[in-house]
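Good morning, everyone. I'll take a few minutes on one structure. Have a look at it first, then we'll go through it piece by piece.

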Amino acid sequence: MSLLRLRNLSVEFATTGGRFRAVDQVDLDVDKGDVLAIVGESGSGKSVSMLALMGLLPWTAKVTADEMVFDGHDLSKMSARARRKIVGKDLAMIFQEPMSSLNPCFTVGFQIREALRIHLGMDRRAAQARAVELFELVGIPDPEQRLKAFPHQMSGGMNQRVMIAMAISCNPKLLIADEPTTALDVTIQAQILDLLVRLRDETGMGLVLITHDMGVVAETAQRVSVHYAGQKVEEQPVRPLFRAPHHPYTSALLAALPERATDKRLPTIPGVVPGQFDRPKGCLFSPRCQFADDHCREVPPTPRGADLGLARCHYPLNTDERLAS
Amino acid sequence: MLRYMLSRFATFLPTFIGVTLISFAFIRVLPGDPIIVMAGERGMTQERYDELVTQFGFDRPILSQYWDYLTGVLQGDLGNSYVTKRPVWDEFFALFPATLELSICAMIFAVALGLPAGVIAAMNRGKFFDRTLMSTALVGYSMPIFWWALLLIIVFSGNLGWTPVSGRIDLLYYFPDTTGFMLIDSLLSGQDGAFTSAVRHLILPTIVLGTIPLAVIARQTRSAMLEVLGEDYIRTARAKGLPPGRINGMHALRNALIPVITVIGLSVGTLLAGAILTETIFSWPGIGKWMVDSIFRRDYPVVQGGLLLIAVMVMVVNLTVDLLYGLINPKIRKR
């Protein structure tokens, strides 16, 4: 039984121009100790699907799923009150912008102790001791002093460490990191990623890493789930994915990596992710796909078998590679 | 912090001078002659009139009159009332506690109802409670204060007979002014029913005076809360699994308080302006009524002095508000 099991997760937003489907029939599984990376361009529904899992979407969003099972509990069938006992304790999340994700009016120490007191019922002294311990764990020097600081008195990297300390404070079983390094500079990025992986090793928690940085994926993830326009278009373990991507979108993403560029000009994927009003009739990637034909433009593809990385494509790539191996 | 305070004080002086200039000019622009008003229906001889003109200094150029007034003010002398001959300063402080008592009660009324109302409206955005509350607040804000006062008097004092029509306390009770605050004095006097009587007299004026600030505070709290509720740190608080009461009442409200405190500060000005009408309607013996009476008597020093003191109070309140920002949001303290 996997730690997290999502089946047929869809999220629709009620907008003035009608309903917009931001997440479309996504299936995901995460096990204990697993590192799953979710990649895709902006607007591909990576964050929204995880926010839906956490129950953090605004009231305009309608979440539907056949199964949304975390640690044996079906979250979609729980009351808000029961769900709050799990969210923030066993299921934690950190966000993209550490500077704005912490409340400017309270010290970071207060914000960490708050979760400990609410979920674990610790008293003031125990919470303080645990907070010091957590700061040491995430590598914040001089924890007693730093706990008294306000978020604006610390750097972005330090704030992200605070966010991580806060998220792991109750020993979560699954940590979702939503582009945790996007707002940070490169040296700090590596430190934060190392920290996340180290914490995963030490605690055995599952880790979901949402990112659009393929470099980050290659260094940290075990499995990769590629999303496009709300759909999961491919899922593979990290090595085979980099060696033999089956979906043309994955292949195009990899080709756009600067490290892989052979030409003077960096290869790009022309066009943008379709929005609310220009969703194609057939395959969602067909307008931007170099292999698309009339069949692709007319008939939406269904996911292929696991041997083809569940690719949502009529003409998956690298099929002979599969034969060779 | 000290530098910040000094820079705030530096803006104080020009405003102060400006207020003296405006109050001095406005009362003189009004048609009517204080000496003729003083003489009443009997009139007076030309010689006596000329004598008084010289005595009050009205024969001198306007600028030199202003200069005399300004130098007096800067030395703490607001002049004497033409009518009672007593110093403006003394009259003001004899009447001020009555206004202060009423204003404080009105402000407590407005904040105690407006803040929770705004928070609840924001939490129920777009629902029935929100819409009802916000349209009621708009009505309250737009209602002419004197008309609202008369309506309340007709219903609660006239038809229902629950509250007295005017004054601060029943004539039955008499006790000396110890603090000038009727609620405190009536308690100190130890007379049976005095305190209840004082409270009953306060109810309607408090509601009338507090209505506009209440509406403004409720609407401002709602919009500030809605803005804050969209912030990333509120998402973090929800991701921590905190109960909604704690998220709204602590994480969001503390951040939403800055604009709310600003309007509370600005409401003090509205409150004192409203006090003039409210006190007149309820015959409340405070500075509002005193100012109106003085305007009709063309009592120049009283009007000038009263305006100036009110303006200074508003300025002090706003200065306090500026300093409060830093207490609420540590980020502002640093700048």
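Start with residues 96–325 of chain B. That span is 80% helix and 0% strand, and its end C-alpha atoms sit 28 Å apart. Keep in mind that this is a predicted model. What does the record say about the span? An unreviewed UniProt entry annotates residues 96–325 of chain B as "domain: ABC transmembrane type-1".

Now chain A. Here UniProt, again in an unreviewed entry, puts "domain: ABC transporter" at residues 4–254. This span is 41% helix and 27% strand, with 27 Å between its end C-alpha atoms.

Next, where the chains meet. Chain B brings 20 residues to the contact, and chain A brings 21. Which helices of chain B supply at least two residues each? They are helix 11 (232–239), helix 12 (244–281) and helix 15 (330–334). Helix 11 of chain B gives the most, seven residues. By class, chain B's side has eight charged, seven nonpolar and five polar residues.

Last, a helix pair inside chain B. The axes of helix 12 and helix 14 (residues 300–328) come within 9 Å and cross at roughly 175°. An angle over 145 degrees counts as roughly antiparallel, so that is how helix 12 of chain B runs relative to helix 14 of chain B. Who makes this contact? From helix 12, the residues include B:Leu257, B:Ile261 and B:Val268; from helix 14, they include B:Val314, B:Val317 and B:Leu324. By class, the contact between helix 12 and helix 14 of chain B has twelve nonpolar, four polar and one charged residues.

Terms used
Residues numbered from 1 in each chain as written. Chains lettered and ligands numbered in written order. Predicted model: local features only at pLDDT ≥ 70, side-chain atom pairs only at ≥ 80, totals over all residues. UniProt positions renumbered as here; feature names shortened; annotations may be inferred. Helix = DSSP H or I, 4+ residues; strand = E, 2+ residues; numbered from the N terminus. Contact = placed C-beta atoms within 7 Å. Nonpolar A, V, L, I, M, F, W, Y, C, P; charged D, E, K, R; others polar. Axes fitted to C-alpha atoms, helices over the stretch in contact; angles between N-to-C directions. Parallel < 35°, antiparallel > 145°, perpendicular 65-115°, else oblique.
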